[in-house]
Amino acid sequence: MSLQENTREQWGSKLGFILAAAGSAIGLGNIWKFPYVVGDNGGAAFILVYLICTAVIGIPVLMAEILIGRTTQRNPVGAFRQLSGSKFWSAVGGMGVVAGFVILSYYAVVAGWAVGYIYEAASGKFFEFGEPSNAGHHFNSLIEDVWWIVGYFSFFMILTMGVVFSGVQKGIERGSKIMMPILFVLLIILMVRGLTLPGAGEGIAFLLTPDWSHISGQSILIALGQAFFTLSMGMGAMLTYGSYMSKKDSIPIASIQIVILDTSIALMAGVAIFAAVFATGLLPNAGPGLIFHTLPVVFTKMPGGFLFSIIFFILLSIAALTSSISLLEVITAYFVDEKGWKRHKAVIVFGILTFILGIPSALSFNILADVKIFSLTFFDFADFIAANILLPLGGFFIAIFVAKVWGFDKAISELKHGTGKLFNKNPWLLTAWKIFIRYFAPVSIFFVLLHSTGILDMIFKALSK
Ligand code: PHE
């Protein structure tokens, strides 16, 4: 039993929880990753596959994860231990805490670039580029500069620590209530700007006309992996946020709201970005560089581009911050619940440790560029392990845990809290949830993992040559 039992915080309101959880979900995954993954995988057909993955796997697993948190009112380790009494399952929770630590360490590096680009945009630098290759050179020269990259990385970590330091209600909830509406407004402004550019229609056509020839087993797996990452699923962030939730609120409704918000923000970012990219005659398949190589040039070719470029990078930084705080909160909740630490101490100690762990990732773009682990840089390795292995594995365990260890009877009696007559009127919803959790989710995640470790196999082979 924890020392904090009677003083554990809760969200001040239902809206506070939704905005904080949507804030966790909406991040670099939506605005940076989603558009370029769509661009690289052929547009509309990929989006459809992604939407199916989100509906069929995303919603059921998200519900399960939030449910484990709300039932136990604990961090991931304490939650699994309380429901199972087993060391193995506590370790599964522990894997989530470790994943949070690893993800935050490199996520905050990229988030630092977004913050740094607010300054680049405001200094008018983009107008010197002329074409994406010059923008690309400029970007490379920035990330090769150790002080630039580590400087903005540390600045972003301090912001993250500041919010989590202030607590669940006064920090995370209040921060999300301020930042999320700003994020929505900024994105709508950018989308309207993109759509009103002459030639924007081509970008929309790219997003709406499915080209099925691009869809392969590979792209289905990428879509599922993206669904996990973007919904912050599989490492206990949603579990931890769920642990501050009241039993009066409905988990199915909240989960659907979070998924709808997350998906619509990704789609809106896609519309804004592709409308502008096509309107300015540039290519959609620039990969991870889409935002830092292509977009700066796109902005210089549109009326009002200077202002819109600043707005865009503020938006990206806000989205990243509402996600990074959820990562740090997982680690903080663990030390507060399990070790009886004060929140302030946990935030400072683990904020600093995350920063130290992130330094090799930041240096992967300069001094340590040639240091490879399984032929990946430190940054790519951290991303690969966390996003491609730990998150799907966590989701797999969550599904198995609910189906086999905790059991549907107990899980469903907890799930019913706050749902009113929903399940009495629609009993099929529960049947569907059980089928998805018992079969669909574990089987499809299993394939994602095989695929991820298949990449590992290739790397091993390459190494042994
Ligand atoms: N969902 C966040 C994004 O899309 C990333 C994230 C993953 C946050 C896992 C928390 C946990 O950017």
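Biologist: What share of the 465 residues of the protein chain counts as buried?

Modeller: Of the 465 residues, 59% count as buried. The term buried means under 20% relative accessible area, exposed means over 50%, and partly exposed covers what lies in between, with a 1.4 Å probe and protein chains only. This is a predicted model, in which local features need pLDDT of at least 70, side-chain atom pairs count only at pLDDT 80 or more, and totals for chains, interfaces and linings use all residues.

Biologist: How do you know whether the radius of gyration agrees or disagrees with that of a compact globule?

Modeller: The radius is taken over C-alpha atoms, and the globule rule is 2.2 Å times the number of residues to the power 0.38. For 465 residues a compact globule would have a radius near 23 Å; the protein chain has 21 Å, so the value agrees with the rule. The C-alpha atoms fill a box of roughly 60 × 55 × 45 Å along the principal axes.

Biologist: What percentage of the contacts with a separation of 6 or more joins residues 24 or more positions apart?

Modeller: Such pairs account for 83% of those contacts in the protein chain. A contact means heavy atoms within 4.5 Å.

Biologist: Why is helix α13 called largely enclosed?

Modeller: Helix α13 spans residues 290-300, and nine of its 11 residues are buried, so the rest of the structure largely encloses it. Among the buried residues are Leu290, Phe292, Pro296 and Phe299. Their cover includes α2 (28-40), α5 (87-122), α6 (132-143), α12 (251-279) and α14.

Biologist: How do you know the class of glycine 242, buried or exposed?

Modeller: A relative accessible area of 0% makes glycine 242 buried. Glycine 242 is part of helix α11 (residues 237-242). Beyond its neighbours within four places in sequence, glycine 242 is in contact with Phe17, Ile66, Gly69 and Arg70.

Biologist: Why is glutamine 73 called partly exposed?

Modeller: Glutamine 73 has 21% relative accessibility and so counts as partly exposed. Glutamine 73 lies in the loop between α3 (44-72) and α4 (76-84).

Biologist: What makes the phi of glutamine 73 worth noting?

Modeller: Most residues other than glycine have a negative phi. Glutamine 73 has a positive phi near 55 degrees.

Biologist: Where does serine 375 lie, and why is serine 375 called partly exposed?

Modeller: Serine 375 is in the loop between α15 (343-363) and α16. At 47% relative accessibility, serine 375 counts as partly exposed. Serine 375 also has a positive phi, near 60 degrees.

Biologist: At which residue does helix α16 bend, and by what angle?

Modeller: Helix α16 (residues 378-406) bends by about 35 degrees at isoleucine 400. The bend is the angle between axes fitted to the seven residues ending at a residue and the seven starting there. Just after α16, glycine 407 takes a positive phi of about 95 degrees. Phenylalanine 384 is found in α16, and its relative accessible area of 8% means that phenylalanine 384 is buried.

Methods
Residues numbered from 1 in each chain as written. Heavy atoms only, no water. Helix = DSSP H or I, 4+ residues; strand = E, 2+ residues; numbered from the N terminus.
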